[in-house]
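Reader: I have not looked at this structure before. Please show me how to read it, one feature at a time.

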Amino acid sequence: MEPKTLEARLKQYNDIMKENDELYREAAKRSGFSECEFWILYYLRTEYGEPMQSGICNSFYLPKQSIHSALKKLEADGYIMQGAGENKRSKRIALTEQGKMLCGRTVDQVIEAEQRALGSLSEEEQEAFMNIFDRYTEQLKQNMREIPEKGGSIR
C-alpha cells in the first residue's frame, strides 16, 4: 500500500472532524436543543463552580449574541438561573433543579459516551492523542494568524 499524501491525510482529518461535529449536532437535535443551548448545558455540567457568562462566551468560539439568546431561552424554560457577577456586565450561571434533571437525561448521556470512547484507548494512546491533537491545533492557530486579512493587498 502506498503512503498517503499530505492532501489525503488532510481530507481524512477533515472528514473525521466533520463527522464528529455531526455527532454533536445530532445529539443536540435529539435532545431538543439548539447547538448553542446544548453546548451551554454541556459546559455547565463539565465546569466546576458557578461559571460566568463571560467564561461561556470565551469557551465556545461562537457569536456572543447567539450565546446570550440561548442563555435567555434556557432561563425562560426554567433550566438555568442567571445571577449577579462581579460587575454589571458579568453574570453567574447555574443550573436549576429542573435543568439538572434535564441534563441527566441528555447532556450527561453524551459526556458518558465521550468518556467510554476515550476510555476505550489505553492511557498511552489517550496521552498521545491529546498531545498530538494539541500540537496540531497550536501549529494550525499559528499558521492561521499568518494569513493576511481579506486575502492580502490585492483587490
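Reader: How many helices and strands does the protein have?

Author: Helices (H or I, at least four residues) and strands (E, at least two) are DSSP runs, numbered from the N terminus. The protein has seven helices and two strands, and their order along the sequence is α-α-α-α-β-β-α-α-α. The radius of gyration is taken over C-alpha atoms, and the globule rule is 2.2 Å times the number of residues to the power 0.38. For 155 residues that rule gives 15 Å, whereas the protein has 19 Å, well over it, so the protein is more spread out than a compact globule. Its C-alpha trace spans about 55 × 50 × 25 Å along the principal axes.

Reader: What should I know about the model and its numbering?

Author: This is a predicted model, where local features need pLDDT of at least 70, side-chain atom pairs count only at pLDDT 80 or more, and totals for chains, interfaces and linings use all residues. Residues are numbered from 1 along each chain as its sequence is written, and side-chain values use heavy atoms, with hydrogens and water left out.

Reader: Is Gln82 buried or exposed?

Author: Buried means under 20% relative accessible area, exposed over 50%, and partly exposed in between (1.4 Å probe, protein chains only). Gln82 is buried because its relative accessible area is 18%. This residue lies in strand S1, residues 80-84. Of the 155 residues in the protein, buried ones make up 25%.

Reader: Which side chain makes a polar contact with that of Gln82?

Author: A polar contact is a pair of N or O atoms within 3.5 Å; within protein, one must be able to donate a hydrogen and the other to accept it, and residues adjacent in sequence count only if both atoms are side-chain atoms. The side chain of Gln82 has such a contact with the side chain of Glu75, at 3.2 Å.

Reader: Where is Asn131, and how far is it from Tyr43?

Author: Asn131 sits in helix H7, residues 123-145. With a relative accessible area of 45%, Asn131 is partly exposed. Asn131 and Tyr43 are 88 residues apart in sequence, and their C-alpha atoms are 22 Å apart in space.

Reader: What about Phe129: which helix holds it?

Author: Phe129 is also found in helix H7. Its relative accessible area is 44%, so Phe129 counts as partly exposed.
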